[in-house]
Amino acid sequence: MTVIETSLTSHLPLVFDVLVVGTGAAGLYTALCLPEHLQIGLVSKDALPLSASDWAQGGIAAAISSDDSPTLHLEDTLKAGAGLCEVEAVQFLVNHAPKCIHRLVELGVAFDRHQSQLALTLEAAHSRHRVLHAADTTGRAVITTLTERVLEQPNIKIISPAFALDLWMDTDGQRCQGISLIHNHQIYRVKAKAVILATGGGGQVFAHTTNPEVSTGDGVAMAWRAGALLRDLEFFQFHPTALTQPGAPRFLISEAVRGEGAHLIDNQGRRFVFDYDERGELAPRDVVSRAIFNHLQQLRQQPGNHGEQVWLDLRFIPPDKIRYRFPNIIQVCQKWGIDILNQPIPVTPAAHYWMGGIVTDTQGQTSIPGLYAVGETASTGVHGANRLASNSLLECLVFGAQLASIDALNLPTTKEKFDSTLEIKPVILSDCNWEEDYARIKTIRSRLPHVLWQSAGICRQSDHLEEGLTQVKAWSEEFLALPISQLLSRVHPSDSSHWELVGIEAHDLKQWGETRNLLSIGELILKSAAFRLESRGGHYRQDYPQSDPSWQVHTLIQENQIWKSPPVPD
């Protein structure tokens, strides 16, 4: 490796009051809620907007109708959470929901209306019509409006495209004081009084997922490497209805479609879900996903059955309602040769939402001073073992709004310059066979999701989990031993000097970082799933198919330790 020192001036600010990592609903709304006198850096991995929030179809749950109440919303959330919700956190969520909806309306989000009132629909496991929507592109409507408002704020600087590598801890390793990131082929350390992780979920660790490519578990992996406390990583929600068509991505067919009356049928046209649950298609997502999994397994064991498939049939819904409520689903399905007004949609379960994450309180504070987390990255306790439909966007808003009080949350009082110059030291990679390393990284990246799907997918068992864990650990050791990994582990920018990596594309550096994160969360998910010897919510063990009262506890992970929490009260 050749190192040539030089001095350049960067236009990237090196000091902020607050750094927000992630530009989905959680990151954007949090940035808007932070006090306007603070200088805020908003780190976006890709161009705005690209996030799971942008892809969200169904809507946002809030008890705002006359026949509804926060108490009913609380009861539905607790029931879906299968005994692992933190009751105080859920109360906080449902009580603050109406205020956040009104705030979105004030910001300009154009929710659908019925005459002058906000229109509400029903989704699975809700006892009332309480889901607000904007046709079937609610997430896009929210993200578009929030992005417009963020771009109007002079105190918010968007750093894009930039990939957050690691948290920057103080010399004692006790407080987060910023992050290291890749931006324009350069690795920087950017300092902040507080860092807020809003990086979303990790669905890309599974072969079948409704999540976009950016969902690689970055925030959870970074926090774990820094020593933060994590919780309930085994609980991954598999959405039962993702489009399965040759060549097509696993496009989510919204929960709201079943809420409006669509039927799940098999090749014989039977509504088979009633064989597994009296609520049929409106049972919780984990129940419906397992019903599909088990039903297909049974069909495949019957002699002469081939090409088994399940279908989502909308032909029982009036065509005008389909056109009004689901124009995006119509358009996407048409692109792949499916006319949903006249034929059913082929569907399959896919990884959708991660209930576990970085442990936080209701103010977003993690176990590390100076580090906060919001949205799917966080484990606030509101989802328990299984998230209630349309509580995810709501969680982003309610807990993002609490960061308006961040001045009172033990921020350092020292004042530093908002901008500065820096010395950049190029690192020439001519002595490092990056192309060979990158080929191996691509192989690991492509194989990892299939291993996780087979070993920790919808239905799990001990031998598969152990086999998966052995493979992922082997890949992790191989990855860390690669010359490029050894090099990047030694490149640690100081306060006054930063590094430019010459001979490698920024995209390839991001691929390296995402693969490292996927290996980390893959191992953590497998460890947690093997540790929990029962079935509950989004975690189903074929060798332990029943819920066990002794496991009404959280799974906690910190560094290399895993243990049970005290019992979670009913």
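Residues are numbered from 1 along each chain as its sequence is written, and side-chain values use heavy atoms, with hydrogens and water left out. Because the model is predicted, local features need pLDDT of at least 70 and side-chain atom pairs count only at pLDDT 80 or more, whereas totals for chains, interfaces and linings use all residues.

The secondary structure of the chain amounts to 15 helices and 24 strands; these are DSSP runs numbered from the N terminus, with helices being H or I of at least four residues and strands E of at least two. Of the 570 residues in the chain, 62% are buried, where buried means under 20% relative accessible area, exposed over 50% and partly exposed in between (1.4 Å probe, protein chains only). Contact is taken as heavy atoms within 4.5 Å. Among contacts between residues at least 6 apart in sequence, 73% join residues at least 24 apart.

Five strands form an open sheet with mixed pairing, in the order β20-β18-β13-β23-β24; two strands are said to pair if DSSP finds at least two bridges between them. The edge strands, each pairing on one side only, are β20 (378–379) and β24 (561–564). Four bridges connect β24 with β23 (residues 555–558) in the antiparallel sense, and Ile557 stands opposite Ile562 in β24.

Two helices lie across strands of this sheet. Helix α6 (residues 218–226) lies across β13 (230–231), β18 (357–359) and β23, and runs at about 50° to β18. Helix α15 (residues 506–531) lies across β13, β23 and β24, at about 35° to β24. Axes are lines fitted to C-alpha atoms, for helices over the stretch in contact, and angles run from 0 to 180 degrees between N-to-C directions.

The two helices also pack against each other, at an angle of about 75° and with their axes 9 Å apart. Helices α6 and α15 are therefore roughly perpendicular (angles under 35 degrees count as roughly parallel, over 145 as roughly antiparallel, 65 to 115 as roughly perpendicular and the rest as oblique). On the α6 side, the contact is made by Asp218, Val220, Ala221, Trp224 and Arg225; α15 contributes Glu514, Arg516, Asn517, Ser520, Ile521 and Leu524. By class, five of these residues are nonpolar, two polar and four charged. Here Ala, Val, Leu, Ile, Met, Phe, Trp, Tyr, Cys and Pro count as nonpolar, Asp, Glu, Lys and Arg as charged, and the others, Gly among them, as polar.

Helices α13 (residues 462–481) and α14 (residues 483–490) have axes that come within 5 Å and cross at roughly 65°, and are therefore roughly perpendicular to each other. Phe479, Leu480 and Ala481 of α13 meet Pro483, Ser485 and Gln486 of α14. This contact has four nonpolar, two polar and no charged residues.

An open sheet of three strands, with antiparallel pairing, has the order β4-β8-β7. Its edge strands are β4 (60–61) and β7 (120–121), each pairing on one side only. Strand β7 is joined to β8 (residues 131–132) by two bridges, and the two run antiparallel. Thr121 stands opposite Val131 in β8.

A search of the whole structure for disulfides (pairs of cysteine sulfur atoms within 2.5 Å) finds zero. Cys85 is buried at a relative accessible area of 4%, and Cys396 also counts as buried, at 7% relative accessibility.
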